[in-house]
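Visitor: I'd like a close look at one strand and its partners. Please keep it brisk, then show me the rest of the fold around it.

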Amino acid sequence: MSKTINLTLKVWRQEGPEKKGRLETYPARDISTDMSFLEMIDVINEQLTLDGKEPIAFDHDCREGICGMCGAVVNGHAHGPEKGTTLCQLHMRHFSDGDTIVIEPWRSRAFKVVKDLVVDRSAFDEIIQVGGYISANAGGAPDGNAIPIPQSVAELAMDAAACIGCGACVAACPNASAMLFVGAKVSHLGLLPQGRPEAAKRVQSMVSRMDALGFGNCTNEAECEAACPKEISITNIARLNREFLKAKFFSPE
Ligand code: FES
């Protein structure tokens, strides 16, 4: 049943990338437990605007858990405390009356704070870009069964393709590693026959760009898997390592 709760928010406020940030405290009164976390911030922003203050900047788009735009660290958890849930799909019924909620941006050398809770995730775009393209001829629409793909392989590729590139894996990792993200991309393209011709080149380019951008290395903490709203498995990191070594030793590139 719907009810309302009163909360205290401690929100990271930072005017710009070079400015010093700080946590500011805001009361959040009469918050419906049916609201999503982002709707709750909308309510706070409405009040801040009415008070002539700067609203809290935060990223969002679909609000349906599919675009990967939203994200903040809530009480120390990327996307909040619920497993397999994006911030936009986190509902206030998971909080209790009187709670204090600390809201911070993703923190990583490669993701600079733009403003408040908004960080620059264009490093992910750069990694995708260097991954290149698939050279399989498009032509007319092929028969779906013309290229036989074992069901188990198709499932693995589809599971990896569920990655929405939100960056929670980087935010959750003590090394700020992007290996779950890169592992998911390398897997979803490389597992399927259409993605094999460029697989060796792709994995080497993506890994070297990932390193150059300042992401850390994986030390098997598995925090990325725990934080991922799409529950991408760290077995994708093992596949990334295998693909990378295979490419290094056997590829002429
Ligand atoms: S706003 Fe699109 S995933 Fe949250």
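Visitor: In which sense do strand β1 and strand β2 pair, and over how many bridges?

Guide: They pair in the antiparallel sense, over nine bridges. β1 covers residues 4–13 and β2 residues 22–32. This is a predicted model: local features need pLDDT of at least 70, side-chain atom pairs count only at pLDDT 80 or more, and totals for chains, interfaces and linings use all residues. Residues are numbered from 1 along each chain as its sequence is written, and side-chain values use heavy atoms, leaving out hydrogens and water. Strands are DSSP runs of E, at least two residues, and helices runs of H or I, at least four, numbered from the N terminus. Pairing takes at least two DSSP bridges.

Valine 11 stands opposite glutamate 24 in β2. β1 also joins strand β5 (residues 100–104), running parallel to it, through four bridges. There, lysine 10 stands opposite valine 102.

Now the helices. The axes of α6 and α8 come within 9 Å and cross at roughly 110°. Axes are lines fitted to C-alpha atoms over the stretch in contact, with angles from 0 to 180 degrees between N-to-C directions. Ala199, Ala200, Val203, Gln204 and Val207 in α6 meet Leu240, Glu243, Phe244, Ala247 and Lys248 in α8. Contact means heavy atoms within 4.5 Å.
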